[in-house]
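Dear colleague,

Please find below the structure that I am handing over to you.

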Amino acid sequence: MSPRIDSPNTPADEELQQILADPEISGFTMIAGAGSGKTTSLVKALHHVISTRGAQFLANRQQIACITYTEIARQEIEDDLAKSPIAHVSTIHSFLWTLVEPFQGDIRGWLDENGRAALAELEDKYANPGSRTQQKTLDALKRRIERRRDGLAKMDKVEKFQFGVATSYGEGIVGYADVLKMVPELILAKPLFGKLIARRYPFVFVDESQDTFKSVVDCLRHVAVTQKAHFCLGFFGDPVQKIYSTGIGAIAPEDGWRRVEKPENFRSPLRVLEVINSIRADADGLEQVSGLPADRQREGEVTYFVFPLGTDRNALLQKARGWLEQHSGIGAWHCEKDTKTLVITHRMAAGRLGFQALYDAFHGTRLQEGFTEGNAWPLTPFLSTLLPLVEAANSNRAELLPRLRKSSPLLRPENVDETTVRPTLATLAAGVDELVKTVADGGPGSVRKAFSVAHERSLVELDDRLLQVLTEEPPESEDDEDQMLTALMQCDVAELEGYARYIGNDSPYSTQQGVKGAEYKDVIVVLDDDEGRHFQFSYNKYLGLENLSKTESARGADEETSIDRTRRLLYVCASRATRALAIVLYAVDVDAATTAMQDLLPGAHQVSTEDLASVET
């Protein structure tokens, strides 16, 4: 048994077991605040169905499906269930593909219709350009049209469509974006899909429901309503922890559904719990209580700083960090690996960790999201191959050959025989040494140099789009991806090392949006609208230091504003701390900001700028 399954049931867990045993209930929502053990309740619910209906499911070739938000979460849940064959645990995109993969004819028909509609839109843009459209923009548009036509023409020869990261019609690869659009549309349009889903997966549980795409929620609700007697749909989440704009947020129950609340908090010390309840009070009214026995509850510490704008941000932040370490009464803040500083944007972290130019290259482009998540395709050769090769060459050369076997086209079986293997290895060794020197030398443009070495020495196969910009004077283009690649080539390769640390969560900084689900002993939350420049969030508006815009003020009661988004973000950040919490606010009006912080943070200790005068960093 896993620790989650073995842990004592909460009242919410017991209520959920009663719901799962009632055939008249076709759906439920569990609202579980930060630190409540939502995943534990999810695993317990899965285990309960497996224990009570496992034999029946096996006999009928059925499974209980669990949809997770990340691959890491999927692996954790599978491990908790000892990889039970009765549980089908997968990410959203993988689950949708599982549903549609057997229906190759429907896939082909949807892709053909969708592809031709997209082609017609591109052709219309090309035929009717704006008065300011430049020729190079038209040239880029023409290339996209040609690629789309070519892909559609080749699609007739595709025998079986497969799931991949990015759609390629000619190769028969259906990407994330198309899967997310295609499958919900097919489920809503074709009644047979709903029947087959209910027959194969009588129970479907959705983890992190607040951040699940609306289209996915809508199509699953459709199945729950139309297959009511044969299907049970459960959502596990917390609307106040909705971070992503694409998420649905709160899920209104259908008739006959049950709402289960889990108010326990097993993570936060009492002072932090006071703070997160204060932040949450204006959201949905759920008040969290410590779920720990009295002898295990801790007081914790909450501190806040209000600094004036126009000062040296980094210097003051370091002094605040020093003050915390020197004055903690519970031994907090002494270990860097136990401390995480949360900033509002990746740009703020990039400036502090030395990859500002790399960030600027991707910011505002189609690959910005991939950059922030660490999976942008132009950086994949570095992150997965080139930097690990350099690390192996510097620390453990025995790892080089296994890595080169995976990356180098020279070591493919068809390219190597007994007479060529030795000179091939010598060539690759020389290439690795040249790459190591290039990375060590660094400097502006060293990203291009490293890519060139990797290509010329056949250390890795590069995408054609990268090869086009490896020249010193790449062709001009208004396409944001082409411009991004040109800017990338001009970067210092040293920035990639700082970036790799950051996305690998091996740095003292994280973005506030990127820490949901994580926890750290000591947490500093930086509130800085001026440096952050993030239009979706505003701590000044949330704290009443700045008025809403006319557009936001005119929104209806059901429409969210930057205040709603900021409240959720601060709640997520503050609830990461398991020992001590500090909040650093940069403001124009320090006195007004201090008053706002006093109202928001009950029982917190204020440290003024003057208090930091004696702190040495």
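A residue is called buried if its relative accessible area is under 20%, and exposed if that value is over 50%. Please keep in mind that the model is a predicted one.

I begin with a site taken from a record. Under "binding site", an unreviewed UniProt entry lists Ala 32, Gly 33, Ala 34, Gly 35, Ser 36, Gly 37, Lys 38 and Thr 39. Gly 35 is located in the loop between E1 and H3. Its relative accessibility is 13%, so Gly 35 counts as buried. Apart from neighbours within four places in sequence, Gly 35 has contacts with Glu 264, Asn 265, Phe 266 and Arg 267. Ala 34 belongs to the loop between strand E1 (27-32) and helix H3 (38-59). With a relative accessibility of 2%, Ala 34 also counts as buried. Once neighbours within four places in sequence are set aside, the contacts of Ala 34 include Asp 238, Gln 241, Asn 265, Arg 267 and Tyr 571.

The next element is strand E6 (residues 203-207), in which five of the five residues are buried. Which residues of E6 are buried on each side? Phe 203, Phe 205 and Asp 207 are on one side, while Val 204 and Val 206 are on the other. In a regular strand the side chains alternate between the two faces of the sheet. E6 pairs in the parallel sense with strand E2 (residues 64-68) over four bridges, and Cys 66 stands opposite Phe 205 in E6. E6 also pairs in the parallel sense with strand E7 (residues 232-237), over five bridges. There, Phe 205 stands opposite Gly 234 in E7.

An open sheet of six strands is also present, in the order E13-E12-E14-E15-E11-E16 and with parallel pairing. Its edge strands, E13 (509-511) and E16 (605-607), each pair on one side only. From one strand to the next, the twist averages 25°. Strand E11 (residues 301-308) runs parallel to E16 and is joined to E16 by three bridges; Tyr 304 stands opposite Gln 606 in E16. Helix H13 (residues 346-353) packs on the sheet and touches strand E12 (339-343), E13 and strand E14 (520-527). The direction of H13 makes about 160° with that of E13. Helix H27 (residues 590-600) lies across E11, strand E15 (577-587) and E16, and runs at about 160° to E11.

Finally, I turn to helix H18 (residues 421-441). The buried residues of H18 are Thr 424, Leu 428, Gly 431, Val 432, Leu 435, Val 436, Thr 438 and Val 439. Viewed down the axis of H18, these buried residues fall within an arc of 160°, so they line one face of the helix. An α-helix has 3.6 residues a turn, so residues three or four places apart point the same way. Among the elements that cover the buried residues of H18 are helices H16 (380-395), H17 (400-407), H19 (446-456) and H22 (493-503). On the other side of H18, Arg 422, Lys 437, Ala 440 and Asp 441 are exposed. Gly 442 follows H18, and its phi is positive, near 60°.

Yours sincerely

Note on methods:
Residues are numbered from 1 along each chain as its sequence is written. This is a predicted model: local features need pLDDT of at least 70, side-chain atom pairs count only at pLDDT 80 or more; totals for chains, interfaces and linings use all residues. Side-chain values use heavy atoms; hydrogens and water are left out. Buried means under 20% relative accessible area, exposed over 50%, partly exposed in between (1.4 Å probe, protein chains only). Helices (H or I, at least four residues) and strands (E, at least two) are DSSP runs, numbered from the N terminus. The arc is that of the directions from the helix axis to the C-beta atoms. Contact means heavy atoms within 4.5 Å. UniProt positions are given in the numbering used here, feature names are shortened, and annotations may be inferred rather than shown by experiment. Two strands pair if DSSP finds at least two bridges between them. Axes are lines fitted to C-alpha atoms, for helices over the stretch in contact, and angles run from 0 to 180 degrees between N-to-C directions.
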